Amino acid sequence: MLKRKITRYLSWWKDNHGKECLLVNGARQVGKSYAISHFGQEAYDQFIAIDFVKNPELKSIFARSLDANEIYSRITLSIPRAHVIPGKTLLFLDELQECPEARSAFKYLAQDGRCDVIGSGSLLGVRFRSLNDAPSLPVGYERQITMGPLDFEEYLWGCGFDEQAISTLQGFLEREEAVPQAVNERMSQLLREHIAIGGMPAVVETFLGGLDYGAAHDAQLMLHNLYLDDVAKYRPATDRVKARACYLSLPRQLAKENTKFQYSVVEKRAGARKFEGSVDWLVGAEMALSCRAVSTISFPLASYEDDSRFRLYANDTGLLMAMFDFSMKEAVVNDTLSGPMKGGIYENVAACMLSRAGVPLRYWTSRNGNYEIEFVVERAASPIPIEVKASRGSTASLNAALANDNVRIGYKCAGGANVGRDGKKITLPLYLLPFVFKHA
């Protein structure tokens with residue numbers, strides 16, 4: 001069983017939620033249902049699960065009055081052995097995108113309070129927006145959290161590294177001290193392995209069960225096709241081809257020297273008018289991550305966003321790898337890949353690392369296009385430029401950004417690098433990037 005960070009959050013929520021239900025968002029197959037079910041069975045005396053995909057007939061429980069007494073009465077009538085123990089029961093409503101009325105019931109179930117209630121689903125935002133008669137949302141009675149694929153730290157847990165080993169690794173970052181060469185090489189190798197495998201639980205478990213890259217690739221292809229099927233299922237018929245084309249253009253987008261998303265890469269001479277709705281859908285469905293441009297590296301970054309310029313990354317680098325031939329895995333793991341695509345892949349994994357840490361994704365390019373910073377984040381009311389490189393090299397763009405008085409610190413993250421500091425510039429191996437913001 002893979003250890004997931006969300007378990008800690010669920011434990012905190014159980015003790016602190018008051019009159020709030022919990023909604024766990026996330027892309028398909030990231031492990032939401034498994035993690036919540038395991039927690040429910042371990043932490044509660046009674047666990048009741050309703051899966052609206054597996055048992056669509058149970059949608060009738062929420063088809064009439066949403067009064068809590070009536071809902072619980074219909075649950076006990078419809079589900080054998082569903083016994084509610086007040087204060088000691090978790091009710092788990094899974095695949096909520098198939099039963100929007102159940103989400104509307106959150107308000108009344110929270111007010112009632114006899115059960116803790118967690119809902120989960122995929123494509124929730126895009127699914128509810130597409131409904132002509134979308135139900136009312138339980139404002140004030142719902143707390144939301146997003147669960148993604150395994151991040152690098154969770155991948156290390158799956159590989160057998162414990163909390164003490166992770167803490168030791170973080171210590172080098174905190175002290176700005178070089179990681180011992182053997183450890184640095186081992187972690188760099190594990191990062192390349194993580195890039196090739198990604199963070200989808202089914203793929204990770206398949207790989208770690210026998211270190212079989214071929215089996216992992218087959219699992220990736222299955223999930224990749226499932227995602228494409230979701231496009232066909234939930235997009236209007238007139239938009240399906242456009243959404244698929246945008247998603248499948250990601251390898252070509254990332255291979256460009258200028259990785260600004262270009263509609264003309266999707267289709268020659270195409271523009272935003274034709275495809276921007278499809279891009280918004282992919283981001284809303286959490287199949288892709290959007291990284292918006294800022295016009296200047298200044299706090300607050302949100303004030304300087306340019307909505308007309310953005311980059312798009314795959315939400316899981318492993319699923320991005322599934323769009324390539326199997327030989328790409330060998331090139332990545334053995335570090336023999338070169339050219340712009342290598343930089344694009346390393347940017348993608350950095351985007352996933354920052355996103356999993358809850359960091360908004362933004363980037364910057366100079367007006368003349370001579371300089372670009374892959375990611376600009378903020379902490380303690382100060383902007384932080386992050387330059388990502390697939391291998392060690394010069395950092396002209398980062399040096400230019402650090403020349404600004406309002407920038408106190410910046411990071412160069414590169415494959416094959418080690419920890420070091422030169423003035424305001426801190427160099428890190430890319431595998432340490434997620435730990436920079438772990439407790440931010």
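**View 1. Packing of helices H1 and H2.** The axes of helix H1 (residues 6-16) and H2 come within 10 Å and cross at roughly 50°, where helices (H or I, at least four residues) and strands (E, at least two) are DSSP runs numbered from the N terminus, and axes are lines fitted to C-alpha atoms, for helices over the stretch in contact, with angles from 0 to 180 degrees between N-to-C directions. The model is predicted, so that local features need pLDDT of at least 70 and side-chain atom pairs count only at pLDDT 80 or more, whereas totals for chains, interfaces and linings use all residues. Residues are numbered from 1 along each chain as its sequence is written, and side-chain values use heavy atoms, with hydrogens and water left out. H1 and H2 are therefore oblique to each other, given that angles under 35 degrees count as roughly parallel, over 145 as roughly antiparallel, 65 to 115 as roughly perpendicular and the rest as oblique. In H1, Ile6, Leu10, Ser11 and Lys14 meet Ala35, Ile36, Phe39 and Ala43 of H2, contact meaning heavy atoms within 4.5 Å.

View 2. Five strands in the order S2-S3-S4-S1-S5 form an open sheet with parallel pairing, two strands being paired if DSSP finds at least two bridges between them. Strand S2 (46-51) and strand S5 (142-146) stand at the edges with a single partner strand each, so one side of each has no neighbour in the sheet. From one strand to the next, the twist averages 20°. Strand S1 (residues 21-25) runs parallel to S5 and is joined to S5 by five bridges, and Leu23 stands opposite Gln144 in S5. Helix H2 (residues 32-43) lies across S1, S2, strand S3 (89-94) and strand S4 (116-120), and runs at about 165° to S3.

**View 3. Helices H12 and H15.** Helix H12 (residues 240-248) packs against helix H15 (residues 272-284) at an angle of about 70°, the axes being 9 Å apart. That angle makes H12 roughly perpendicular to H15. Lys242, Ala243, Cys246 and Tyr247 of H12 make the contact with Lys274, Phe275, Ser278, Val279 and Leu282 of H15.

**View 4. The largest nonpolar core.** Among the 106 residues of the largest nonpolar core, Phe375, Ile386 and Leu430 touch the most other members; such a core is a set of buried Ala, Val, Leu, Ile, Met, Phe, Trp, Tyr and Cys residues joined through side-chain atoms within 4.5 Å, and buried means under 20% relative accessible area with a 1.4 Å probe, protein chains only. Helix H18 (residues 340-356) supplies the largest share of this core, nine residues.

Methods:
Buried means under 20% relative accessible area, exposed over 50%, partly exposed in between (1.4 Å probe, protein chains only).
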